[in-house]
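Here is a friendly walk through some side-chain geometry. Please have the model open in your viewer as you read.

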Amino acid sequence: MGERWYQEAVIYCVEVGTFQDSNGDGRGDFRGLISRLDYLSRLGVSCLWLNPIHPSPWRDNGYDISDYYAVDPAFGSLGDFAELTRRARERGIRVVLDLVVNHTSDQHPWFRDACSNPESPFRDWYIWSSDEPADRHQGTVFPGEQTETWTYDQQAGAWYFHRFYDFQPDLNWSNPEVRAEIQKVMAFWLALGASGFRIDAAPFVIEQTTPGVDPGPSDFSILDSWRHETQWQTGDSVLLCEANVAPTLVGRYAGSRSDGPADRAQMMFDFVLNPKMWLALARNDAEPLIEALTTAIVLPPGAQWVTFLRNHDELDLSRLTEEQRGDAFKAFAPRAEMRLYGRGIRRRLAPMLKGDRRHIELAYALQFAMPGTPAVRYGEEIGMGEDLALDGREALRTPMQWDDGPNAGFSTADRAELTRPVITRGRFGAKQVNVRAQQRDPNSLLRWFENLVHTLREAPEIGTGRCSVVDVPLPRSVLAHRFDAPAGSILLLHNLADASVTVDIGELSGMDTRPYDLLVDGPYAAPTARLAGLELHGWGYRWIRLRRSDQR
């Protein structure tokens with residue numbers, strides 16, 4: 001894979017602790033993940049994104065880190081991690097780590113030392129106020145769970161800042177020593193075989209916080225130095241920014257100049273497109289997606305969007321209006337227990353779509369047809385469900401369902417010793433939904449997902465080409481757009497309603513005389529050069545190749 005491998009990648013998000021247990025202690029580990037690499041290779045995955053793997057009190061699913069230079073002992077050793085990256089690379093799979101450096105755990109030795117003495121060398125590694133800040137109740141990230149962003153520490157005799165929970169004190173990114181240390185952390189993991197980092201809470205990392213000023217100014221030089229140092233050490237490493245900010249600001253995380261190349265983060269999660277996809281699915285109406293595609297921010301050359309439908313967090317709908325959010329809640333989270341913070345949904349995709357195979361296929365065909373690189377959460381490829389009995393986001397972080405045996409093949413430990421309970425009951429329980437059964441079924445969702453991923457490999461235009469909405473009269477439920485690149489041109493049709501339609505596209509520029517279907521939801525008559533009378537089933541999709549270059 002070339003230096004811009006990320007533009008044609010498929011990202012698979014994994015929690016090591018819930019994927020595969022190799023030693024029977026009830027928690028997944030690196031050896032277990034290594035044993036499943038062939039499964040991921042067959043699926044077509046080319047990048048593994050690992051949620052936090054470091055030592056942690058695990059009060060926030062590992063996002064409260066107590067040592068950046070180690071791995072949680074339950075996962076294995078540093079040697080096991082290095083073996084994972086080597087074995088993955090042999091299969092064409094890169095490994096990207098969560099870089100959680102906006103804050104540490106309050107159990108981190110840096111913070112404990114900082115609290116112990118005002119003269120501690122680590123005191124200025126965090127953000128302090130001797131007086132109670134007037135804005136201590138402003139800027140919380142988790143409404144209902146978090147009431148303040150400044151907390152008084154008795155030992156330190158001062159208030160410390162925490163954008164997230166009070167057990168996650170923010171690092172002081174105005175301090176050059178903090179910047180230098182985190183660059184050493186990044187170099188350490190690159191040397192062990194990592195191919196880059198997902199930057200957790202990027203806007204808060206670069207925010208320069210002081211008492212009484214919220215939000216503080218942003219210092220993008222932090223991203224500049226990260227890009228420089230990571231590229232210097234490993235030329236094909238990547239930075240993937242989690243930056244849920246106003247569309248007008250997104251481009252700054254990728255490039256320092258509006259007319260220049262991407263010289264900061266190579267990849268950006270598309271937080272504008274994601275809720276629009278869900279709104280379109282809720283309303284059976286393509287208009288939200290047409291709007292999103294026609295008004296999309298153009299990233300600097302070399303930068304790439306990352307699309308997603310579900311991830312490790314709740315589905316954040318805060319960018320929708322109250323009416324739009326209400327429509328999404330009604331369709332996908334009708335009960336209060338399915339919602340979180342009044343803005344999000346704590347469910348997996350399959351149950352959100354009532355387990356309807358056609359609807360699930362449409363949703364993922366739609367995501368993979370969007371501009372950028374797709375990211376998929378583990379278990380989505382088999383249609384796993386959530387466990388609403390678990391708190392908050394834990395509902396969608398249950399163990400992978402490998403088979404219909406004890407603990408779904410995840411672990412040989414007693415059920416009470418599992419890191420989280422396996423879903424065993426209902427239509428999404430492991431008896432009904434598991435990898436082994438779907439591998440044996442040529443018509444399973446897993447087999448369909450494999451085909452989707454491999455078809456995307458045959459359509460590099462989607463990752464690298466120019467996207468445009470096809471402007472012809474169509475039913476409101478139909479989205480028609482195309483990609484054009486040196487590799488060729490492709491037309492993508494998706495019907496967001498549960499009723500068949502027939503569309504007339506007409507002859508398009510830059511196409512051969514014999515277009516053909518590349519990915520379809522069922523049998524259709526072959527498309528003609530006039531692209532007339534194109535049928536789409538209810539919740540149907542057709543990817544039609546218009547032109548293919550023989551010089552790839």
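Is Asn61 buried or exposed? Asn61 is buried, with a relative accessible area of 9%, where buried means under 20%, exposed over 50% and partly exposed in between (1.4 Å probe, protein chains only). The model is predicted, so local features need pLDDT of at least 70 and side-chain atom pairs count only at pLDDT 80 or more, while totals for chains, interfaces and linings use all residues. Residues are numbered from 1 along each chain as its sequence is written, and side-chain values use heavy atoms, with hydrogens and water left out.

**Around Asn61**

Asn61 sits in the loop between strand 2 and helix 3; helices (H or I, at least four residues) and strands (E, at least two) are DSSP runs numbered from the N terminus. The Asn61 side chain makes a polar contact with the side chain of Arg420 at 2.2 Å, and another of 3.4 Å joins the side chains of Asn61 and Glu15. A polar contact is a pair of N or O atoms within 3.5 Å; within protein, one must be able to donate a hydrogen and the other to accept it, and residues adjacent in sequence count only if both atoms are side-chain atoms. Leaving aside neighbours within four places in sequence, Asn61 is in contact (heavy atoms within 4.5 Å) with Glu15, Pro52, Glu394, Arg397 and Arg420.

**Salt bridges**

Glu15, Glu394, Arg397 and Arg420 turn up again in a network of salt bridges, which also includes Asp313, Glu314, Arg343, Arg377 and Arg393. A salt bridge is a side-chain nitrogen of Lys or Arg within 4 Å of a carboxyl oxygen of Asp or Glu, and a search of the whole structure finds 40 of them. Here are some examples.

| Salt bridge | N to O distance |
|---|---|
| Arg86 and Glu83 | 2.9 Å |
| Asp219 and Arg179 | 2.5 Å |
| Arg357 and Glu361 | 2.8 Å |

Asp219 lies in the loop between helix 6 (202-205) and helix 7 (221-233) and Arg179 in helix 5 (residues 176-191), so this pair ties together parts that are 40 residues apart in sequence. Arg86 and Glu83, by contrast, are three residues apart in helix 3, about one helical turn. Arg86 is partly exposed at 41% relative accessible area, whereas Glu83 counts as buried at 19%.

**Aromatic rings**

Rings of Phe, Tyr and Trp (its six-membered ring) pair if their centres lie within 6.5 Å; planes under 30 degrees apart count as stacked, over 60 as edge-to-face and the rest as tilted. By this rule the count comes to 36 aromatic pairs. Take Phe30 and Phe75: their ring centres are 6.0 Å apart and their planes at 65 degrees, so the pair is edge-to-face. The pair links distant parts of the chain, with Phe30 in helix 1 (residues 30-35) and Phe75 in the loop between strand 2 (47-50) and helix 3 (78-90), 45 residues apart.

**The nonpolar core**

In soluble globular proteins, nonpolar side chains tend to be buried together. A nonpolar core is a set of buried Ala, Val, Leu, Ile, Met, Phe, Trp, Tyr and Cys residues joined through side-chain atoms within 4.5 Å. The largest one here has 135 residues, and Tyr12, Leu50 and Trp226 have the most contacts inside it. Beyond neighbours within four places in sequence, Leu50 has contacts including Val14, Leu33, Phe81 and Leu97.
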